[in-house]
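Please look at the protein chain shown below and keep its structure open as you read. The paragraphs that follow lead from a pocket to the rings beside it, then to a helix and to some details of the backbone.

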Amino acid sequence: MIKLYYAPFSCSMAIHIVLELVWADYEAIKVKPWSDEYKQIAPKWSVPAMIDTENTLWVMTQIPALLKYIAKKYNPEMIWENTLEWEYILNNALAFINSDLHTSFNSAYWAAKFTTKTDEDSLNSIKEAAQKRIERQIWFLEEMLQWKEYLIWNKLTVADIYAFVVSNWANSILPNKLNNFPNILKLHEKI
């Protein structure tokens, strides 16, 4: 059985969706990130955290690794690693979503962590810069979906689920939400 430690509205939603899609036997445990109690489970405090009680006794983290682990265990079609080329394309998509798109939201949600200043103007300046970075990364995702149904040709993979969750956050930050991104909106409709 999989134990998924999650926080609502966080990136752990991608893991939750994939667990549902592959009909995994799992237990979802809501946690409060950065709490002392959660630190006992996941010392890095990262959400999501996961334990596979059938195979491992340690806490697993890092979304791309978790997504691939679940897919490989329950439904290898969702990672589609038939060739070295396919593996690269999937890993490239997951790396972009994790390293570029996902992290671009950090300063928008937690502006105070990116400065020693506490005045409203400084915090607003950081949020404004974050909006520009988010929009730039969302445009890259939009282009990755051009002429395709999914990120990796016409096959739903774990990368699409992760992209869905992270790009959805733009609806709470960008002035026009995702309205200027028809390819991403099509992906959202499918998922």
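In this predicted model, the largest pocket is lined by 29 residues, and the ones that lie nearest its centre are Ser 10, Cys 11, His 102, Trp 110 and Trp 169. If the lining of the largest pocket is sorted by class, it is made up of 18 nonpolar, nine polar and two charged residues. The space that lies in the largest pocket comes to about 830 Å³. As a general point, empty space of this kind is found by rolling a probe the size of a water molecule over the atoms, which shows where space is left.

Ser 10 sits in the loop between strand 1 (2–6) and helix 1 (12–21). Is Ser 10 buried or exposed? With a relative accessible area of 14%, Ser 10 is buried, because the cut-off for that word is under 20%.

From here the aromatic rings can be followed. The count comes to seven aromatic pairs. One of them is formed by Trp 34 and Trp 110, whose rings are 6.0 Å apart from centre to centre, with 80 degrees between the planes, in an edge-to-face arrangement. Because Trp 34 lies in the loop between strand 2 (26–30) and helix 2 (36–41), while Trp 110 lies in the loop between helix 5 and helix 6, this pair ties together parts that are 76 residues apart in sequence. Trp 34 counts as partly exposed, at 49% relative accessibility, and Trp 110 is partly exposed as well, with a relative accessible area of 37%.

A further pair is made by Phe 105 and Trp 169, whose ring centres are 5.4 Å apart and whose planes stand at 85 degrees, so that this pair is edge-to-face. Phe 105 is in the loop between helix 4 (84–101) and helix 5, and Trp 169 is in the loop between helix 7 and helix 8, so the pair links distant parts of the chain, 64 residues apart. Phe 105 is buried, with a relative accessible area of 0%, and Trp 169 is buried too, with a relative accessible area of 13%. Which residues form one aromatic cluster? Trp 34, Phe 105, Tyr 109, Trp 110 and Trp 169 do.

For a residue in another setting, turn to Glu 37, which lies in helix 2 and is exposed, with a relative accessible area of 66%. Between the C-alpha atoms of Glu 37 and Trp 169 there are 27 Å, and the two residues are 132 residues apart along the chain.

Next comes helix 8 (residues 182–190), in which the buried residues are Asn 183, Ile 184, Leu 187 and His 188. These residues are on the same side of helix 8 because they cover an arc of only 145 degrees around the axis. Where these buried residues are covered, the covering parts include helix 6 (120–144) and helix 7 (158–168).

Finally, some details of the backbone deserve attention. In general, most residues other than glycine have a negative phi, and most peptide bonds are trans. Pro 48 is placed in the loop between helix 2 and strand 3 (49–52). Gln 62, found in the loop between strand 3 and helix 3 (63–74), is not a glycine and yet has a positive phi, near 80 degrees, and Gln 62 is partly exposed, with a relative accessible area of 42%. Lys 177 has a positive phi of about 55 degrees, although it is not a glycine. Lys 177 is found in the loop between helix 7 and helix 8, and, with a relative accessible area of 41%, Lys 177 is partly exposed.

Methods
Residues numbered from 1 in each chain as written. Predicted model: local features only at pLDDT ≥ 70, side-chain atom pairs only at ≥ 80, totals over all residues. Heavy atoms only, no water. Buried < 20%, exposed > 50% of the residue type's maximum accessible area, 1.4 Å probe, protein only. Helix = DSSP H or I, 4+ residues; strand = E, 2+ residues; numbered from the N terminus. Arc of directions from axis to C-beta. Contact = heavy atoms within 4.5 Å. 1 Å grid on protein atoms, 1.4 Å probe; cavity = no way out; pocket = protein on both sides within 12 Å on 5 of 7 lines; lining within 4 Å. Points joined across faces, edges and corners; volume = space filled by probe spheres on them. Nonpolar A, V, L, I, M, F, W, Y, C, P; charged D, E, K, R; others polar. Phe/Tyr/Trp six-rings, centres within 6.5 Å; stacked < 30°, edge-to-face > 60°.
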